[in-house]
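Visitor: I have a structure open and would like to go through it with you. Could we take it topic by topic?

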Amino acid sequence: MLLVFVEHEDGVLVEAAREALTFGRTLAVKMGEDLHAALIGSDDDDLVEAAGEYGAETVHTATRAALTDYSPSAYGSIVAQMVESLGPAAVLACGTSRGNEVMAQVAARLDVPFVANALDITPDDDWQITRVQWGGSLLEDVSLEAEVPLVTCGLHAVVSEPGHSQDPDIPDIEEFDIELEDADLVTMVRDRVVQEAGVTLPTAPVVCGGGRGVGSADGFSQLEELAGLLGGRVGCSRAVTNLGWRPHSDQVGQTGTRIAPEIYIASGISGAIQHWVGAMASKHILAINTDAEANMVTKADWAVIGDLHEVIPAIVEEIKARRA
Ligand SMILES: Cc1cc2nc3c(=O)[nH]c(=O)nc-3n(C[C@H](O)[C@H](O)[C@H](O)COP(=O)(O)OP(=O)(O)OC[C@H]3O[C@@H](n4cnc5c(N)ncnc54)[C@H](O)[C@@H]3O)c2cc1C
């Protein structure tokens, strides 16, 4: 059995969980193992069914009032208990902060190694793994020798489009008997404050990114307008945050947010590697730049070579005219 830890939020499997199950399906075939899911804090039918749609044959649920919200130590303890009791051949999660945190907890509890952010896995006697380091600017080949390999797959790095299983079925549900101590519940999410309404940068279907070429903080009003019309969000490069034109929460890249929109409209951004690693999971890229040789232009699906201060207002006017 390959056991996949799946994340959920408000009764829905999050994108990361669907990526982990999609990646896990391929890995389970390579290993000759069945795909099982570990679902903690809920045994909701819709969640179980969704896990089945992405290939889980059995879902192991662990529920208790204290687990409804995320607790890294409790979740780690439960996955470790599942490893000891169910004896999976390996455990996989998605390399989100939560996925990596839970796996680190499991590794510490079982005293086994853990490899984060894998891109490619060959599960021989010693597992050969290529993984991303330094936010994507370095690829590292590692060899993992462990009784139970613990691995996370890179978020948006391997599976850009999670896909349903070709042969989905309603999975078996196995209720897992858990033992928790007070020490397992020392860190809990007690409250959530929604800081922004609408789409967020990591999940936005359209991101309108601006770089140093935008020229000023005020210049971003054009990008705000375009993003508003397209139901998207504004992003930016680090040059822009360094200049204080936008907050760090808007920064795309190695030291910012990784995005995976349907389209990334990158205006006045050169496409340095540290920016590119945060943008490369975009399904399509439109670059707007005065420099036809800019990295972002050469990597984009489409490019407009021109001054963004002319091109963006022209796009905005065209969208408004077509919608009128
Ligand atoms: C450790 C480390 C981590 C980093 N992390 C990140 C990160 O997370 N994200 C990130 O973005 N960067 C990051 N950087 C910085 C990165 O290396 C680049 O310096 C940065 O991305 C450049 O930003 P830029 O493209 O906006 O600016 P520039 O490289 O200066 O590019 C500006 C672009 O705008 C174009 N332009 C100028 N005027 C116009 C105009 N009127 N119309 C159209 N185009 C125009 C130019 O042709 C040029 O291509 C990091 C660097 C380091 C060392």
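Predicted model: local features only at pLDDT ≥ 70, side-chain atom pairs only at ≥ 80, totals over all residues.

Visitor: Understood. Which domains is the protein divided into?

Guide: There are two entries in the division: domain 1 covers residues 2–185, and domain 2 covers residues 206–323.

Visitor: And how far apart do the C-alpha centres of domain 1 and domain 2 lie?

Guide: The C-alpha centres of the two domains are separated by 34 Å.

Visitor: Let us turn to the ligand. How many residues surround it, and which are the closest?

Guide: The ligand is surrounded by 28 residues, of which Gly211, Gly213, Arg238, Gly253 and His275 are the closest.

Visitor: Which elements give two or more residues to that shell?

Guide: Those elements are α6 (238–242), α7 (273–279), β15 (284–289) and α9 (308–323).

Visitor: What is the make-up of the shell by class?

Guide: The shell around the ligand has 16 polar residues, eight nonpolar residues and four charged residues.

Visitor: You mentioned α9. What does it reach from its first C-alpha to its last?

Guide: Helix α9 has 16 residues and reaches 22 Å between those two atoms, close to the 22 Å expected at 1.5 Å a residue.

Visitor: Which of its residues are buried?

Guide: In α9 the buried residues are Leu308, Ile312 and Ile315. Viewed down the axis of α9, the buried residues fall within an arc of 60°, so they line one face of the helix.

Visitor: What covers the buried residues of α9, and what is exposed on the other side?

Guide: The cover over the buried residues of α9 includes α5 (220–230), β14 (263–267) and β15. On the other side of α9, the exposed residues are Glu310, Ala314, Glu317, Glu318, Lys320 and Ala321.

Visitor: Another helix, then. Which residues are buried in α4?

Guide: The buried residues in α4 are Gly99, Val102, Met103, Gln105, Val106, Ala107 and Leu110. Helix α4 has 14 residues and spans 20 Å from its first C-alpha to its last, close to the 20 Å expected at 1.5 Å a residue.

Visitor: What covers the buried residues of α4?

Guide: The cover includes the helices α1 (15–31) and α3 (72–86), together with β1 (2–6), β6, β7 and β10 (150–153).

Visitor: What about asparagine 117: where is it found, and what is its phi near?

Guide: Asparagine 117 is found in strand β7, and its phi is near 60°, a positive value in a residue other than glycine. Asparagine 117 is buried, with 23 other C-beta atoms within 10 Å.

Visitor: A change of topic: what can you tell me about leucine 92?

Guide: Leucine 92 is found in strand β6, residues 90–94.

Visitor: What does leucine 92 touch?

Guide: Residues up to four places away in sequence aside, leucine 92 touches Leu2, Val4, Ala20, Gly24, Leu27, Val151 and Cys153. Leucine 27 is 65 residues from leucine 92 in sequence, and the two are 9.5 Å apart in space, C-alpha to C-alpha.

Visitor: Finally, where does alanine 37 lie, and what is it in contact with?

Guide: Alanine 37 lies in strand β4, residues 35–40, and is buried, with 28 other C-beta atoms within 10 Å. Leaving aside neighbours within four places in sequence, its contacts are Val4, Val6, Leu21, Ala51, Ala56, Val59 and His60. One of these, Ala51, is among the buried residues of helix α2 (residues 45–53).

Note on methods
Residues numbered from 1 in each chain as written. Near = placed C-beta within 6 Å. Helix = DSSP H or I, 4+ residues; strand = E, 2+ residues; numbered from the N terminus. Nonpolar A, V, L, I, M, F, W, Y, C, P; charged D, E, K, R; others polar. Domains from an automatic or database assignment. Expected span 1.5 Å × (residues − 1). Buried ≥ 20, exposed ≤ 12 C-beta atoms within 10 Å, placed from the backbone. Arc of directions from axis to C-beta. Contact = placed C-beta atoms within 7 Å.
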